[in-house]
Amino acid sequence: MLNKAKFLFLFIMCMIGFFAKNLPARQLIPEFEKIDYTLMWNMLPVGEASLELKGFKYINGVKVRYASLNVVTNDFLSSMFSFDAHFESLFEYNAIYSFEFTSKMLQDGKEMYEHVVFEPKEKIYRLSRNGMIKEGKTLKNVKDILAILYCIRTLDLKAGHKYILNLHSQNISVPLAIMVLRKEQLNTVLGQRNCFVIEPLIYENNIIDLGGKMLIWVTADTKKLPIYIKVESNIGIISAKLAFFSDKK
């Protein structure tokens with residue numbers, strides 16, 4: 001079972017996107033982007049998250065994107081449960097596969113560090129976690145949980161369709177199914193937007209357990225912005241609501 005605290009905040013932010021097998025890229029991901037969220041527990045604000053695209057670099061001649069996610073809980077939540085984190089991902093230009101993923105987390109005063117290097121052609125990962133090193137095989141074109149987010153930006157989404165991606169977290173690769181349930185309108189800080197409502201489902205092996213149902217609203221336009229995420233869990237409703245968006249450097 002993967003660390004629940006990590007997924008309670010990271011997964012609510014990140015398990016939004018997906019990659020459909022054998023489908024080409026259809027939309028371009030911007031070079032720079034910043035999306036801020038307010039994190040809520042039931043009706044109470046409990047923290048903030050910031051998701052950013054920070055440009056390009058090259059790895060072995062391959063053009064690679066750099067993305068990061070910061071999650072910070074506020075004083076109210078810290079009195080019961082504290083979780084601050086920084087995540088970084090390097091992934092192929094069209095988000096087909098990951099090259100590296102790094103997480104640095106401070107949970108209830110305990111520091112946790114994880115770094116994964118992927119070899120896409122050999123389908124191998126090398127995991128360094130709190131001083132321990134592990135190596136193993138992956139599925140084809142695996143993506144870390146941040147890279148998955150951006151795959152959705154390249155696809156032609158349709159209500160009623162299912163898409164499949166290969167997710168890798170820690171030392172596990174697993175297929176992920178994304179159900180596009182419907183389209184509906186949602187009021188946001190950017191105004192009223194038409195959205196796709198998406199439900200992500202573990203395709204096999206229940207490695208992620210939030211104790212409830214997750215729904216994600218992404219804009220039904222070329223940007224496909226994840227503007228609202230809701231998890232109905234066994235500790236209440238946890239949500240992430242769009243607070244700010246910019247695609248300028």
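Tutor: Happy to; what follows goes from the strand pairing to the charged side chains.

First, some ground rules. This is a predicted model, in which local features need pLDDT of at least 70 and side-chain atom pairs count only at pLDDT 80 or more, while totals for chains, interfaces and linings use all residues. Residues are numbered from 1 along each chain as its sequence is written, and side-chain values use heavy atoms, with hydrogens and water left out.

Let's start with strand β6, residues 110-119, and strand β7, residues 124-129, which pair in the antiparallel sense over six bridges. Strands here are DSSP runs of E with at least two residues, numbered from the N terminus, and two of them pair if DSSP finds at least two bridges between them. Four residues lie between the strands in this hairpin, and K123 takes a positive phi near 55° there.

The hairpin of β7 and β8 has two residues between the strands, and N130 takes a positive phi near 50°. Y125 is a handy landmark in β7: F118 stands opposite Y125, and the bridge partner of Y125 in β8 is G136.

Now for the charges. Side chains of opposite charge can pair when their charged atoms come close. A salt bridge here is a side-chain nitrogen of Lys or Arg within 4 Å of a carboxyl oxygen of Asp or Glu, and by this rule the count comes to seven. One of them joins E135 to R126, with the closest N and O atoms 3.1 Å apart. E119, R126 and E135 are linked in a network of salt bridges. R126 is partly exposed, at a relative accessible area of 34%; that term covers values between buried (under 20% relative accessible area) and exposed (over 50%), using a 1.4 Å probe and protein chains only.

K158 and D156 meet through their side chains in a salt bridge of 3.6 Å, N to O; K158 is partly exposed at 40%, as is D156 at 38%. K223 and D247 form another, at 3.2 Å, N to O. This pair links distant parts of the chain, 24 residues apart: K223 sits in the loop between β12 (213-219) and β13 (226-233), and D247 in the segment after β14 (236-246). K223 is partly exposed at 34% relative accessibility, and D247 is partly exposed at 33%.
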